[in-house]
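Please have the chain in view before reading on.

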Amino acid sequence: MSNHRLRFARSCFAWQRLLATVLTGSLVSTNFGSPPPAKAQTTAYCQLTAAATQEKETLRQSALQGNTEAQNRYRALVNQHAQILRDCRNRTWPQTQAVWLRLYPCDLQPGVLDKVMDRVVNRGYNQVYIEVFYDGQVLLPTAANPTVWPSVVRTPGSERTDLLAQAIQKGRDRGLKVYAWMFMMNFGYSYGQRPDRQSVLARNSKGDTSLYVVDNASQVFIDPYNLQAKRDYYQLILEVIRRRPDGVLFDYVRYPRGSGAGSVVNRVQDLWIHSEAAQQALNRRALNYKGLNLIQRFVSKGYITAGDIEAIDKLYPQEGEPLWQGRTPPPAPQPPNKPPTAAQRQPQLQWELWQLSVAHAIQGIIDFLAIAAWPVQRQGMKAGAVFFPDGNQSVGRQGYDSRLQPWDRFPTTLEWHPMSYAACNNTSCIAALVQRVLQYAPSGTQVIPAIAGVWGKPISNRPSLEAQMQALRAYAPRLQGVSHFALSWQEPQLESERKSCRVR
């Protein structure tokens, strides 16, 4: 990061106080006949009819048995369904309807990826977000994985089999756009166990990593200011975009969320800025020796005293007010007014140091996201950020949501994917989250909400996807896309089969 003064931006809402003062029907029978006109093959939300999906599945199974005629008819039907889906989505809101998908080693078995992608198309989706980096593992073949993370597929004999590349091609064969979905600041448990990466991990003032505060032990967050973290992640991105997905989505663009009282940070000791790289970057924000000295005292103790202020005044008598990036000191008093005492200056200086510390933590996230998105966009691919609409809120006078997720400052050149997963047994709380994002998203920002559920019935205190989609339609035309988490929820039997098969 440059040592020069940063550009400071005023936040739209949750960070306003902080950043304003601190940092800138029936088809043919199974005899492989010709299907009827396209308009008879889809139902609401561009889903294919039961007859259409059954014929395709029958053809797929016959094709797997080596039936040449079935293979030809299957390929033709896949192409036809791709065109049907394309036409339907062009005339049906939302124009983009996506689904989230995790792949498994079992998906390498003959015909399985075809089956999975067929199910995606059958349900009216024209985009699929494939998880390629999660829980400390990557969806790269072991023989072509130069990253520090182990491969998802480690089955003997499959060292050179590229499941991600296959999935991208299978999706495109069906008219789907395929995105790579990646964790960002959560590098995973395997990374956190590496002796050569301990200095990369984010730490609080106790020296604890996120393993000590997050219930899910697979989550290990890194210091976004650490150069090694940037190098490791950049190499991973280069390998992923080499497979030429249509886009990349970055998830976990934030710090960990603690439980209970730990879900709010209101002390500098609780911020994840106590690793060496983050501390050095914070020190570089000082613009004079007084500023540097006060920053160091505040971070080490969690507060400053009037004595601290008097001490630095004596140490650096040639300097005026303590300065750091973004600080505008009060004007000097005019005679006959006396300068304020150290005790009078202490409350404001301590407040500004707290704001600086929080803003420093936030800036690390924003800078890391910019580094991650750059090679993606340079290749002409879409890049997007996944976030919680409530992850950037202030709490009380000086507290903040511990995730410190500054999505209102994400670049508008990125797609915004707010995870609108609220569960209140109706659509009101879900719509409220989407409305909150739309309210503050700058004009032209592409907002694609992610909602959770299944078609045709409520689940987990959430209405059916149909009900949720109807609620979100009220925000068209600003919303042209919606995604659904996840295919595993809609296809639980298929998910179970894919996770627990005996890999051959």
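**Reading the core, pockets and salt bridges**

Q: Which residues touch the most other members of the largest nonpolar core?

A: A nonpolar core is a set of buried Ala, Val, Leu, Ile, Met, Phe, Trp, Tyr and Cys residues joined through side-chain atoms within 4.5 Å; buried means under 20% relative accessible area, exposed over 50%, and partly exposed in between (1.4 Å probe, protein chains only). Here the largest core has 123 residues, and Ile130, Met182, Tyr233 and Phe250 touch the most other members. Helix 11 (residues 342-378) gives the largest share of this core, 16 residues; helices (H or I, at least four residues) and strands (E, at least two) are DSSP runs numbered from the N terminus. A second, separate core of eleven residues includes Tyr129, Trp181, Val386 and Ala486. The model is predicted, so local features need pLDDT of at least 70 and side-chain atom pairs count only at pLDDT 80 or more, while totals for chains, interfaces and linings use all residues. Residues are numbered from 1 along each chain as its sequence is written, and side-chain values use heavy atoms, with hydrogens and water left out.

Q: Which residues lie nearest the centre of the largest pocket?

A: Rolling a probe the size of a water molecule over the atoms shows where empty space is left. On a 1 Å grid over the protein atoms alone, a pocket is an open set of points where a 1.4 Å probe fits, with protein on both sides within 12 Å along at least five of seven lines; lining residues have an atom within 4 Å of a point. Trp181, Asp251, Tyr252, Tyr421 and Phe485 lie nearest the centre, among 28 lining residues. Strand 1 (96-101), strand 4 (177-183) and helix 14 (487-490) each give two or more residues to this lining.

Q: How far apart are the closest N and O atoms of Glu131 and Arg102?

A: A salt bridge is a side-chain nitrogen of Lys or Arg within 4 Å of a carboxyl oxygen of Asp or Glu. By this rule there are 28 salt bridges. In the one between Glu131 and Arg102, the closest N and O atoms are 2.6 Å apart. Glu131 lies in strand 2 (residues 127-134) and Arg102 in the loop between strand 1 and helix 4 (112-122), so the pair ties together parts that are 29 residues apart in sequence. Glu131 counts as buried at 4% relative accessibility, whereas Arg102 is partly exposed at 26%.
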